[in-house]
Structure formats: structure tokens, C-alpha cells
Amino acid sequence: MKQLSLFLLCLWSTLTFALTEPDRPGTISGTVFDKILAQPLPYVTVVVKDLQGNTVTGGVTNDEGYFQIKEIPEGKSQVSITYIGYKTYQTQIEIKRGQRTLEMGRILLEEDVAALDEVVVTAERTTIEQKLDRKVITVGKDLTTSGPTASDIMNNLPSVNVDQQSGELSMRGNQNVRVMVDGKLTNVPVAQLLKQIPSTSIKQIELITNPSAKYNPEGMSGIINIILHKNVNIGFNGNANVALTYENQPKFNSSIDMNYRNGKFNLYGNWGHNTSKNENYGNIRRPEDTSEQFFNFLDDSQSNLFKVGLDFYLNDKNTLSFFTNQNLFEGSTLGNVNILFYEMPSQNLQQLFDNESDNQSSQYNFDYKLLFAKEGHNIELEADYNTFGSDELANFQFNGASFIDDYTDFVATERDRLTVNLDYVNPLSASAKLEAGLQARLFQTDIDYRSTGQTFNSNGDLVDTPDTKFEYARDIYSAYATYGKEWEKFSVQIGARVERVEVKADTNSIRAFTNNYVQVYPSAFVTYTPSEQNQYQLSYSRRVDRPGLNQVNPIREWATPLISSFGNTQLLPQFTNSIETNYTRNLKKGSITAGVFFRSIEDEINRALFIDRTDLNKVILSYDNFSSTSAYGFEISSNYRPAKWWNFNFSFDLYQQTQKGISERVDSPSSNPTVADIVSETIEVDNLAYNARMINNFKVSEKLTLSAFGFYRGKNRTLQFDIDPMYFVNIGARYSLWDGQGTFSINYNDIFDTMQFAFEGNRPYAQIGAFNWESNTVNVSLAYRFGGGKYRAKSRKRRDDNEKSGSGGIF
């Protein structure tokens, strides 16, 4: 009896607890796909409502189309999944005992064709997002107002600077950065390419300062990836842009891109044109011999960039893609260099030169992607082939006290690059993913040099300049694997890449240099997100900077009467270990990201400056490897909207770097120094530099927006010079036309005409100088979008590749 009573008491207690158990929330998850393309859809809105239609909770899908929503109350609810241009998906769910975690699986959204003709998606303002291994700048209407091309808006980006003389980019004070467009390489010179991309065609810019093992390991500073707006919309769509910029010379830019999609085919093409004239001038004064050099240059160039592509969606699992880029370029430079010796006018010298060049670059890209049954499980094969051909003719004329006769240089360049990638992605679970791949990169270049001039041989005799043929090949075979895992508040990604590199260089058919090596490049990323407002990140990677072609080419890169630049075929790669940490704070009206980085560099590549043995008043610039060095820095960036009519972006970066180089000087008590008086020294320069940027946007009305952008670059030190601070202010206005399908912009740049490159140095001679360019410009542009549809880009992987850039800061 006692046992029966005890049993009944336990049963009653259990039933009472079950009936009075408090509600426990549940969780739902799933992945959203395009029904036709079988591609995951990022940033899709998922809303959970009660049966009365009141919103309970919600979220958005990630880059892979996956979502997970927690804290859903017990009972029945409505789930609504919406995305612009698609029909809304709705279903009913129920959270109950024994079924508190619901996996909704693969959710297919179907296009709403009627809605496509009514929707145009354009970012209103620029935002900055810190992701696992990159900083993503979504380019809004504000940033595009600052200039007509990609080159014009690069100075607006955190950590990025543009050399206004050469057009070369640098990130965190280092020019060792690779620029890609939609994750693809091109043989078109970067400065030329950026001027061909209209700013209105840019959707996002990725700053990958510490790339993972999936990416090629080149580039100490990292990668800048420009992502363009893409059309894969139903029917016929496109947009056109024209722009004119003027100060002393006109600069015209135009582009048009179109696509037609019907069923399983998407055909697209675009054309970009740039006609530009630019004046540059400057001077360098040497107090010791009371001489002064005056430089005047006029660059005149035209380029056309064509792209045609086809996507073929075989079925839900298989996609074939092909595209080709063709770039045609013609350019000329007229130069006048006057060297005045104020105390000895008989030594005055003038050099006139006329440089003409034309080149053609071709790119052919094939891609095949296979999707497996499991969501996110795929394999992709890509082959990319680039060719580049260039012919250059340079005439040099001399007046005054010159012992060199007039001469002409001829340089012909042929370059080929083949890249083949095989990539595999396997989501091991909802929170874990494995990625692996193989890659082969085969690079070959041939340069032929001829001259009608004369030069000094090793005995000091004047002889005819010999012809030079330089052949350079670099083959790289690599494999990588990365593993990522996510928890509720933590995410981790680890990986490694192994490379086999084979390098050879021949000068006049004589093997001048070989270098074969195997290297492993590990990487690791840890992200901690304690709440929606806070995110912390720590990352590490090992990288390599292989010498660029200009740095190993023994044929002269450029020359003036007193300075010449040559490469060094014996250069070795430099290796970098990079660590950085970032913190992101999401605010109610914006966000702020701050971070620090440290780089340890082995076998640093830097400038070497030598006295010309044939003329002790002349200097030869080249490159060499040096011992280990380091660099570190701090960055902060934010975007904020204080009011509905005002928003701004602000960024500040500070970095320290130690540069090492070789410098020679003439140390002689007599007025007639000899080669024996040349002293060589290894120099080391510590440079602490900073940059600040701020762009303000003021919304006057629904159609009119005003902008003001300010930039300040602090004092810099290089191996040769101390460089003065630089700053400028730009203002602009943007007006929407034709019911939002058109945009008219006008910008006034460097309104106070303050930009110039001013410097002072003591190596190898005391020098003071400055260079100026057309910065005080007015730009007007007009853009028009035609056809209907929303933006929905086809998912393609993005890769990187990098080699050290050529010369910079040459005077």
C-alpha cells in the first residue's frame, strides 16, 4: 500500500510539473535559394509573426543564404520570407514539446517578374562593415559624388592612398597591394584600369588587409577588390555614364553596360572609354652646386575597355560561364627637362623627349560550377588566360652642354599568364565548413630593347648601346585548405597554403638568375560577438612579396639627364608575418571600427641609390634585399547619421615603418672627385605617418544631395626625402532626374588648390623640390539607367594575386 501511494504521488508530481511547465522558446533555421539559378540569396529578410500578424522576431540570411532565428515563442507562428524582386514565401510553424528546433531546409524563392520593372536598388549612403577577413565598403550615392572614376574615389577609403604623380595605390603606407575587379586579375596597368571604371558602376570595395590561406599569399599590405554592379535580370537592362573633367586640359570618360537574360541564358557586355590629357610640372634645386631642374610633362592617352560574357544555367546543379576583356590603349608623353647651373651657365642642359606607346590586353575566362545535393556543397573549375602586348618608342633630344647625341629607344613587351583553379566547398554542418583547392599559375614575359644611342662600357669608353633581350618566367603550383567553425558567439577559421615556385630569368639568352623554393603560408582568424552591438576579431597570416617585373628588369625603366632607373635580376622575395586585431561597435545611427596591426618583414625589398660611375653627377636607382624590419599601425573608421538630412564617414590611420636601403655619396675634399671618393652606406629611416578623411553628405531634398570631403596626410619620410603634409577639400552636388533613372553630378575638387608633392632631402645630394598636377578640377557627369530589374549578382569566388609594384617617389 505504501508503495502504491508513493507511485501515485510521483505520477501526480510529474503530471503537475508537465502541466505547469513554463513556455520554452524555439529555434528555426534554413537556407534560401533562387529557384531557377539554384544560387543562395544573401540578405533575405525572414520575419516571424503571431497569428494576429504582429511581428515577434526576425533576421536576415548570411552570404551563403543561411538563417537561424532563436527565441520563437511556443505555439503556432507565421514565417514570412521576402526579398526584393521575388514572390513572398509564407508558411506556418509550431513550436512545442519535443519539437523546439525546426530545420526548414532548402527554401526556393521565385522571381516576381511584374515587380522587376518597378524596383531599382541603390545604396543611399556609404557603409563600412568589418567581416571575418575583410573590410567591406558599400559604395553609396555619397562616395560616388566625389569623382567620375574608381581612381578618383580611392583616396576616400580608409587606409588607402593614391600617388597623384604615378597613379599607384598604397595601403597602410605600402604600395605592395594588389587591385582586382570582381576578384579577377588583369594585365592592364592598375593606374590605367582604375580610370576606366566609372564610380557609378561600383557596388562595393573590399579591403582585405590580412587574407586567409584561400587567397594567394602575395602582397604585404593586402588586396583591394572592386566589385561592380552586375545585371542578371529578366529582359533587357543597362546603364550609361558620361563625364567631363577640366582644369588646364580636358579629360573625358564614358561607359555603357547592358545585359539580356531570357530563360537559362544571360548575355552581357560593357564598354568603357577614357580620353585624357594631364599636365605635370615641378622642380628640384641642389644648393651645393646652385643648380635647378625644371620638369614639364604633358600626358595624352586614350583607352577602350570591352567586356562580353555569357552565363548558361544548364539546370539546378550545373552552371557554365565565359567572359572576355579586351583593353586597347594609346598614349604619348611630351617632356621638357631644363637643368640650369646658375653660377656656371655654360653647363646648362635641356632634354626633350617624346614617348609614344600602345598596348593591347586580352583576358579569357571560363568557369564551371557543380552543386551537390547538400546545401552549399559545390566544386568549381576556373581557367583564366591573359595576354599583353606593348610597343614603346621614345625619342630623346639634347641641347646645351650635353656630350650625349640624340637617340631613340625601342621597347617591345609580350606577356602571358595562365591561371587554373579547382575549388571545393563542403558545409560539414550548419556551423562548420571545409574549403580546399588547387591552383597553377604560369607567367612568362619577353622584353626586347633596342637603342640608336651610345653608352659607356666598363672601361669608360663610349660605345653603341647593345640590344637587350630579357626573358622572365615564374610558375607557381599551390594547394590550400581552410576550416571554419561557428558557435553562438565565437567563430574560428584556420588554414594553410603550400606553394612550389620556380623562377628563371635570362638576359640575352644567358641564364641570369634562378630561384626555386617551397613555402607554407598559414592563417588563422578568431571572431567574438558577445552581442549585436559588439564584435572583436584577431587574425594572423604569413605572406610573400615577390619582386615585380619592373624591379627585376635590367632594361631602363625611365631616364632623365641626372637620374636613371633599372631593375635588379638578383632580387629575392620578401616574407611577412602579419597580425591584426579589430573591434566593431554598432550604434543606433551608425558604426565604428578600430584596429591595430603589426608586420614583421624578412629580406625586405627596397630602394638602392648608386652614383653613376660614368658621371659622378648622375644617380642610378635600383632595388636590393635588406635584413628584417617591421611596421605597425592603428586605424579607426566610422559612419554616422546625426540627422535625417546629414550623414558622414570618418577615418584615421597612423602607421610606423622602418625602411632600409643603400645610398652612395661622393665624399671628396677636392673639386674634382673620382670613383675612389664614392662612399656607400646602408641607411635606415623610421617613418611615422598618419592620414585623416571625412566625407559629409547633406540631403537638401529627395532629389538634391550636397557633399563635402576633406583629406589630410601628415608629414612623411622616405629613404631620400622628407615629404611635406598634403591636404585638400572637395565639394559636390548630385541631382536625381527622370524619376530616379538618371543622375547629374557636379564636383569642384581641391577648391583651395593646396595639393602638391613638396620634399627636401640630403641623399645623395642636398635637394629641395616640388611636383604639381591638375588637382583643382571641375567635373560634371551624367548617368542613366534603362530597362527594369533589381540587382542580383551571380555568385563567383574572388581571388587575389600580387607582386611588388614598380618604382614610386622617383625623384
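1. Start with two rings. Phe470 is buried, and Tyr472 is buried as well. The two residues form an aromatic pair of the stacked kind. Their ring centres lie 6.2 Å apart, with 25° between the planes. Keep in mind throughout that this is a predicted model.

2. A second ring pair has another geometry to look at. The centres of the Phe709 and Phe728 rings are 5.8 Å apart and their planes stand at 45°, so this pair is tilted.

3. How many aromatic pairs does the structure hold? The count is 25. Ring pairs also build a cluster. Its members are Phe295, Phe297, Phe353, Phe396, Phe398, Tyr407, Phe721, Phe757, Phe759 and Phe771.

4. Next, the nonpolar cores. In soluble globular proteins, nonpolar side chains tend to be buried together. Here the largest nonpolar core has 24 residues. Which of them touch the most other members? They are Phe295, Phe396, Phe757, Phe759 and Phe771. A second core is separate and has 21 residues. Among them are Val411, Phe443, Tyr449 and Val501.

5. Now a sheet. It is open, has three strands and runs in the order E4-E1-E7. The pairing is mixed. Strand E4 (66-72) and strand E7 (101-109) are the edge strands, each pairing on one side only. Neighbouring strands in this sheet are turned by 20° against each other on average, direction ignored. Strands of a sheet pair through backbone hydrogen bonds, in a parallel or an antiparallel way. Which sense joins E1 and E7? Strand E1 (residues 26-34) pairs with E7 in the parallel sense, over seven bridges. Asp34 stands opposite Leu109 of E7.

6. Charges over rings deserve a look. The charged end of Arg106 sits over the Phe33 ring, 3.9 Å from its centre. Elsewhere, the charged end of Lys307 sits over the ring of Phe323. There the distance to the ring centre is 4.5 Å.

7. Is Arg474 buried or exposed? Arg474 has a relative accessible area of 6%. Buried means under 20%, so Arg474 is buried. Arg474 is placed in strand E26 (residues 468-486). A polar atom of the Arg474 side chain lies 3.4 Å from the backbone oxygen of Pro547.

8. Asn691 is another buried polar side chain to inspect. Its relative accessible area is 0%. Asn691 is found in strand E38 (residues 678-699). The side chains of Asn691 and Arg713 are joined by a polar contact of 3.5 Å.

9. Last, Arg285. This residue lies in strand E17 (residues 265-286). Arg285 is partly exposed, with a relative accessible area of 34%. What separates the C-alpha atoms of Arg285 and Gln767? The distance is 5.5 Å, although the two residues are 482 residues apart along the chain.

Note on methods
Residues are numbered from 1 along each chain as its sequence is written. This is a predicted model: local features need pLDDT of at least 70, side-chain atom pairs count only at pLDDT 80 or more; totals for chains, interfaces and linings use all residues. Side-chain values use heavy atoms; hydrogens and water are left out. Two strands pair if DSSP finds at least two bridges between them. Helices (H or I, at least four residues) and strands (E, at least two) are DSSP runs, numbered from the N terminus. Axes are lines fitted to C-alpha atoms, for helices over the stretch in contact, and angles run from 0 to 180 degrees between N-to-C directions. A nonpolar core is a set of buried Ala, Val, Leu, Ile, Met, Phe, Trp, Tyr and Cys residues joined through side-chain atoms within 4.5 Å. Buried means under 20% relative accessible area, exposed over 50%, partly exposed in between (1.4 Å probe, protein chains only). Rings of Phe, Tyr and Trp (its six-membered ring) pair if their centres lie within 6.5 Å; planes under 30 degrees apart count as stacked, over 60 as edge-to-face and the rest as tilted. A charge sits over a ring if NZ of Lys or CZ of Arg is within 6 Å of the ring centre and within 35 degrees of the ring normal. A polar contact is a pair of N or O atoms within 3.5 Å; within protein, one must be able to donate a hydrogen and the other to accept it, and residues adjacent in sequence count only if both atoms are side-chain atoms.
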